[in-house]
Amino acid sequence: MLNQKLFESFTIEGSQPGKHVLILGGIHGDEYEPMAAVRRLRTQISSEKLSGRVTLVPVVNQPAYERINRRGPDDLDLARTFPGSPEGSITQQIAHEVTQLIQAADYLIDLHTGGLYSNLAPFSGYTLHPDPAILEIQRHMARAFNLPVVWGTSAHLDGRSLSAARDHGVPAIYAEWGGGSGCDPKAVKGYATGCLSVLSALGMLDIPVEQKPILYHIEDDREESGHLQLQNHAPVAGFFEPAVQLMDQVQVGDVLGSICSVMGEEKTSVITNQTGVILGLRTLPYVEKDEWLAVILETEQARANNE
Ligand SMILES: [Zn+2]
């Protein structure tokens, strides 16, 4: 294993000096739009127009990618393993290596999707960092990413790339878009454009950017906010049929869908206890009990917090 590279990366050196941005795809091995988008950036970022440096890693978690899985062969979720350890299992080693990259960067952009089993509406996110200067840069980057939803959430979640960035004072954002086993060309294009827009907003890339309207910019400082798998779990195992679509508005007590038995005689409704907008939805019909079915951006809760 000595000196063997854990993942492949590519650095673009600008013609002018400046800051260093790290862009990651494939922290989860089954999230394909980020991988394609980061690869595309390699040809889209021109050295002549760049001030500073951009490091691109299309597939951070190659062992997970090669087994078509969110997790690596040690069954660890890389996004729960940061800062990792050089002597640990493969996922812990990768987390450690990425932490070194994050430490060496001035800004981080980490791209995700819903993975094989679910689809996510486009949004960018950041932590409500305790340092107001870093928080302001993160807000600026997340808005510049040019997606319809911007979500600021708890800075207390650990194990993520954003936690490592938080601990090293590196302003960071993540984004979610797509998933469900394909590779949506619209998401790939939007992701690449989003990264270019952030580089432009940071004053590193001399390109024109057309800023699109932001429909929701929510900041939710509850302890577990931003933990996507925490709500709307399957009450039973079975065949899930959603009754809602991404970006639909729902209220407490609304039916998100139903889960039925093989012959369909038994049918259980899935009721939400949240009010907001559907940001993520399971696309794979068979579901185990307690697996997550939907992610809801709580618009009302955040509004109540702000009042
Ligand atoms: Zn992910």
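This is a predicted model: local features need pLDDT of at least 70, side-chain atom pairs count only at pLDDT 80 or more; totals for chains, interfaces and linings use all residues.
The zinc ion is held by H28 through ND1, by E31 through two OE contacts and by H112 through ND1, at 2.0 to 2.4 Å. Along the chain, these donors follow the spacing H-x2-E-x80-H. What arrangement do the four donor atoms around the zinc ion make? Their angles run from 57 to 146 degrees, so the arrangement is irregular. For orientation, the ideal angle for four tetrahedral donors is 109.5 degrees.

Attention now turns to helix α6, which spans residues 185-201. One of its contacts is with helix α1, residues 32-44, and the two axes come within 8 Å and cross at roughly 50 degrees. The helices α1 and α6 are therefore oblique to each other, and their crossing is right-handed. On the α1 side, the contact is formed by E33, P34, A36, A37, R40, L41 and Q44, while α6 supplies A187, V188, K189, Y191, A192, C195 and L196. Sorted by class, the residues in this contact of α1 with α6 comprise 10 nonpolar, one polar and three charged.

Helix α4, made up of residues 132-144, also meets α6: their axes come within 8 Å, with a crossing angle of roughly 135 degrees. This angle makes α4 oblique to α6. Here, too, the crossing is right-handed. From α4, the residues H140, M141 and A144 touch G194, S197, V198 and A201 of α6. The contact of α4 with α6 holds four nonpolar and three polar residues, and no charged ones.

Two details of the backbone complete the description. P83 sits in the loop that joins α2 (62-66) and α3 (90-104). The other concerns an asparagine, N146, whose phi is near 75 degrees, a positive value in a residue other than glycine. N146 belongs to the loop between α4 and β6 (149-153), and α4 is one of the helices in contact with α6 described above.

Definitions and conventions. Residues are numbered from 1 along each chain as its sequence is written. Side-chain values use heavy atoms; hydrogens and water are left out. Axes are lines fitted to C-alpha atoms, for helices over the stretch in contact, and angles run from 0 to 180 degrees between N-to-C directions. Helices (H or I, at least four residues) and strands (E, at least two) are DSSP runs, numbered from the N terminus. Angles under 35 degrees count as roughly parallel, over 145 as roughly antiparallel, 65 to 115 as roughly perpendicular and the rest as oblique. A crossing is left-handed if the near helix is turned anticlockwise from the far one by less than a right angle, and right-handed if clockwise. Contact means heavy atoms within 4.5 Å. Ala, Val, Leu, Ile, Met, Phe, Trp, Tyr, Cys and Pro count as nonpolar, Asp, Glu, Lys and Arg as charged, and the others, Gly among them, as polar. Donors are N, O and S atoms within 2.8 Å of the metal (3.2 Å for Na, K and Ca); water is not among the atoms, so sites may look incomplete. Four donors count as tetrahedral if all angles lie between 85 and 135 degrees; four count as square planar and six as octahedral if opposite donors are over 155 degrees apart and all others between 65 and 115; anything else is irregular.
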